[in-house]
Amino acid sequence: MIGEHRSTGERKYYLSNLPADTPLKQIAGAIKARWVCEQAHQQLKEELGLDHFEGRSWTGLHRHALMTMIAYAFLQSRRLKQAGGGKKNPRPTAPAEPTRRQASHPHRARAAAPNPLSPLPQNPLR
């Protein structure tokens, strides 16, 4: 059990199943990570309308949730750019041309690279 005594006089207690030798800083980070998630969820509801869905299907609900999360990610990226944040050590960019594997059999090579000018194949189930 972990106890927290805040400067306001409020006391909070948390249960943990972490090993006894876990550093206090790591435990505090895990406890405070929940606050970040709650803030993100609140922002998704208040600013982006996560709770405004009135449909009747799981598919519609999932699409609505996905679109609000995409909007949230976009807004967060814009906020980080504006604040001058971002990654401290960005990864080097990938090469411009993708690598191609050679097929071991000539017929497989033809099947792996279809002609872009040929018409789309018809669905055999129709």
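Biologist: What pattern does the chain follow, read along the sequence?
Modeller: In this predicted model, the chain runs β-β-α-α-α. That order comes from two strands and three helices.

Biologist: Why is Y13 called exposed?
Modeller: Exposed means over 50% relative accessible area. Y13 has 51% relative accessibility, so Y13 counts as exposed. The residue is found in strand β2, residues 11-14.

Biologist: What makes M1, Y13 and L15 a nonpolar patch?
Modeller: Nonpolar side chains are joined within 5 Å, and each residue of a patch needs over 30% relative accessible area and no salt bridge. M1, Y13 and L15 form such a patch on the surface, and together they have about 450 Å² of accessible area.

Biologist: Why is M69 called partly exposed?
Modeller: The class lies between the buried limit of 20% and the exposed limit of 50%. M69 has a relative accessible area of 46%, so M69 is partly exposed. M69 is found in helix α2, residues 58-83. Its C-alpha atom is separated by 8.6 Å from that of L50, 19 residues apart along the chain.

Biologist: How much of the chain counts as buried?
Modeller: Buried requires under 20% relative accessible area. Of the 126 residues, 10% count as buried.

Biologist: How do you know that R34 and E38 meet in a salt bridge?
Modeller: The cut-off is a side-chain nitrogen of Lys or Arg within 4 Å of a carboxyl oxygen of Asp or Glu. For R34 and E38 the N to O distance is 2.8 Å, so by that cut-off the pair is a salt bridge. Both residues lie in helix α1, four residues apart, about one turn of the helix. R34, at 56% relative accessibility, counts as exposed, whereas E38, with a relative accessible area of 40%, is partly exposed.

Biologist: What do E47 and R79 tie together?
Modeller: The side chains of E47 and R79 meet in a salt bridge at 3.3 Å, N to O. E47 lies in the loop between α1 and α2 and R79 in helix α2, so the pair ties together parts that are 32 residues apart in sequence. R79 counts as partly exposed, at 34% relative accessibility.

Biologist: Which residues are linked with E10 in a network of salt bridges?
Modeller: The network links E10 with E4, R6 and K32. Within it, the side chains of E10 and R6 meet at 3.6 Å, N to O, and the limit for a salt bridge is 4 Å, so this pair qualifies. Both partners are partly exposed: E10 has 36% relative accessibility and R6 has a relative accessible area of 28%. The structure holds five salt bridges.

Biologist: Which residues line the second largest pocket?
Modeller: The lining consists of R6, K12, Y14, I31, K32, R34, W35 and E38.

Biologist: Which element gives the most to the lining of the second largest pocket?
Modeller: Helix α1, residues 24-46, gives the most, with five residues. β2 and α1 each supply at least two.

Note on methods
Residues numbered from 1 in each chain as written. Predicted model: local features only at pLDDT ≥ 70, side-chain atom pairs only at ≥ 80, totals over all residues. Heavy atoms only, no water. Patch = residues over 30% accessible without salt bridge, like charges linked within 9 Å, V, L, I, M, F, W, Y side chains within 5 Å. Areas by Shrake-Rupley, 256 points an atom, 1.4 Å probe, with all protein chains shown as cover. Buried < 20%, exposed > 50% of the residue type's maximum accessible area, 1.4 Å probe, protein only. 1 Å grid on protein atoms, 1.4 Å probe; cavity = no way out; pocket = protein on both sides within 12 Å on 5 of 7 lines; lining within 4 Å.
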